[in-house]
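Subject: Structure for your files

Hello,

My notes on it follow below.

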Amino acid sequence: MSVEDIHRTAQDKMQKSIEVLKHEMATIRTGRASPALLDRVQVDYFGSPTPINALATVSAPEPRLLTIQPWDRQALGAIEKAIQKSDLGLNPTNDGAMIRLAIPLLNDERRRELVRLVQRRLEETRVAIRNCRRDAVESLRKEEREKTVSEDEMKRGQERVQKLTDQFVAQVDEVGKGKEHEILEP
């Protein structure tokens, strides 16, 4: 493997970590309704865990309301139970045809809990990015031991990987600041 291939592989893995982080941040509740809020909720549908968006249409007709219109009305009860069991802290209202989820304003204690959750997810992503850096550096050292790259190329490769790592960690911090601002905004 060349230094360029190792760099490209590390960059791809780090980019995927950022994409996963952004997806997870979309599922963390703020004071506004977003269909992405229900992405992690799994419904026990005929014995198999199924995401809500595979069973129903989820929409946000108002800023503080989500509606869930299942394609199979028999799934209403299972969807309602799954939402109640989730860590979202929302109470579904079932009218026999659809489920309505009113998104209440967040109190200060819940905001602090959500900020801690965001911080935990950010740190997990930073660790994943550092692991990508470690793997890339190990690959560079292995290539140097096998005499396929020179010591100078290995050092330059390590510096490039470190700069890449710093760049992606800065992106993680940026995503975190944006989400924290969104959570703490009244």
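Apart from its neighbours within four places in sequence, Q158 is in contact (heavy atoms within 4.5 Å) with V137, L140 and R141. Q158 sits in helix α4, helices being DSSP runs of H or I with at least four residues and strands runs of E with at least two, both numbered from the N terminus. Its relative accessible area is 18%, so Q158 counts as buried; buried means under 20%, exposed over 50% and partly exposed in between, with a 1.4 Å probe and protein chains only.

Please note that this is a predicted model, in which local features need pLDDT of at least 70 and side-chain atom pairs count only at pLDDT 80 or more, while totals for chains, interfaces and linings use all residues. Residues are numbered from 1 along each chain as its sequence is written, and side-chain values use heavy atoms, with hydrogens and water left out.

Helix α1 covers residues 3-26, 24 residues in total. From first C-alpha to last it reaches 35 Å, close to the 34 Å expected at 1.5 Å a residue; the expected span is 1.5 Å times one less than the number of residues. Buried residues of α1 include I6, A10, M14, I18 and L21. The partners that the buried residues of α1 pack against are α3 (108-145) and α4 (151-184).

Next, the sheet. It is open and has four strands in the order β3-β4-β6-β5, paired antiparallel; two strands pair if DSSP finds at least two bridges between them. At the edges are β3 (56-62) and β5 (92-94), each pairing on one side only. Neighbouring strands are turned by 25° against each other on average, direction ignored. Between β3 and β4 (residues 65-70), which run antiparallel, there are five bridges, and A56 stands opposite P70 in β4.

Helix α2 (residues 76-85) lies across β3, β4, β5 and β6 (99-102), at about 165° to β5. Such angles run from 0 to 180 degrees between N-to-C directions, with axes fitted to C-alpha atoms, for helices over the stretch in contact.

Which residues of α2 are buried? They are L76, I79, E80, A82 and I83. Seen down the helix axis, these buried residues fall within an arc of 165°, so they line one face of α2; the arc is taken from the directions from the axis to the C-beta atoms. The cover over them includes β1 (42-45), β3, β4, β5 and β6. On the face turned away from the buried side, α2 carries the exposed residues K81 and K85.

Regards
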